[in-house]
Amino acid sequence: MSMKKWTDEELVSTRDNLETWNKRNNNLGSGSKLWLFTAFLGAFAISTGVAFIFLDGVDVMSIILITMGAITCASWYKSEKQRKDNITFLAEINKEIKSRKIKAEPKSKDKTDMQGSEIKEDVQKESSVTEAQAAEKRSKKIEEKSE
């Protein structure tokens with residue numbers, strides 16, 4: 001996949017998404033340690049299952065231990081590989097942005113910023129509507145008094 005054909009907006013938006021992902025994962029220091037601990041438990045389950053097979057013979061529990069350990073280790077390997085690929089891809093995107101000499105545009109607004117601006121617009125519209133309604137009521141009262 002060549003990034004030479006990507007537009008500047010696509011590059012910047014992809015970079016922003018990957019940077020937010022990277023910041024979120026770097027802030028979760030205990031989460032990565034727990035995930036690594038889970039991978040070690042998976043490896044321990046595999047070795048325990050194999051040891052039980054040698055000592056007691058083939059048993060359902062040994063097969064379950066080996067299977068669950070293998071699934072745990074495979075999922076850890078897959079997620080770790082994906083994390084490394086994302087970091088490499090982010091570096092490539094930053095390199096491409098520097099080679100194109102794209103100015104550092106302000107990052108896209110967060111959903112909360114967008115919602116905040118929408119709320120402000122709604123409040124302004126509502127206030128103008130209520131002012132118009134109040135003016136109509138005043139004019140009706142004045143007309144009633146004059147009659």
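Ile 64 lies in helix 3, where helices are DSSP runs of H or I with at least four residues, strands are runs of E with at least two, and both are numbered from the N terminus. The model is a predicted one, in which local features need pLDDT of at least 70 and side-chain atom pairs count only at pLDDT 80 or more, whereas totals for chains, interfaces and linings use all residues. Residues are numbered from 1 along each chain as its sequence is written, and side-chain values use heavy atoms, with hydrogens and water left out.

With a relative accessible area of 42%, Ile 64 is partly exposed, a class that falls between buried (under 20% relative accessible area) and exposed (over 50%), as judged with a 1.4 Å probe and protein chains only. When residues up to four places away in sequence are not counted, Ser 62 touches Gly 49, Phe 52, Ile 53 and Gly 57, a contact being defined by heavy atoms within 4.5 Å.

Phe 44 has its place in helix 2, which covers residues 29-56, and with a relative accessible area of 55% this phenylalanine is exposed. Between Phe 44 and Leu 65, which are 21 residues apart along the chain, the C-alpha separation is 9.2 Å. Glu 9, in turn, belongs to helix 1 and is exposed, with a relative accessible area of 56%. Although Glu 9 and Ile 102 are 93 residues apart along the chain, their C-alpha atoms are separated by 9.9 Å.

Two packed helices are described by the angle between their axes and the distance between the axes. The axes of helix 1 (residues 8-27) and helix 3 come within 10 Å and cross at roughly 140°, which makes helix 1 oblique to helix 3. Axes here are lines fitted to C-alpha atoms, for helices over the stretch in contact, with angles running from 0 to 180 degrees between N-to-C directions; angles under 35 degrees count as roughly parallel, over 145 as roughly antiparallel, 65 to 115 as roughly perpendicular and the rest as oblique. Residues that make the contact include Leu 11, Leu 18 and Trp 21 of helix 1, together with Ile 87, Phe 89, Leu 90 and Ile 93 of helix 3.

For the chain as a whole, the secondary structure consists of four helices and zero strands, and the elements follow the order α-α-α-α from the N terminus on. Of the 147 residues, 17% count as buried, and among contacts between residues at least 6 apart in sequence, 77% join residues at least 24 apart.

Confidence is expressed as pLDDT, the predictor's confidence in each residue on a scale from 0 to 100. The mean pLDDT of the chain is 76, and 66% of its residues reach 70 or more. Confidence is highest in helix 3 (residues 60-100), at a mean of 88, and lowest in helix 4 (residues 111-146), at 56. Where pLDDT is low, the predicted coordinates should not be read in detail.
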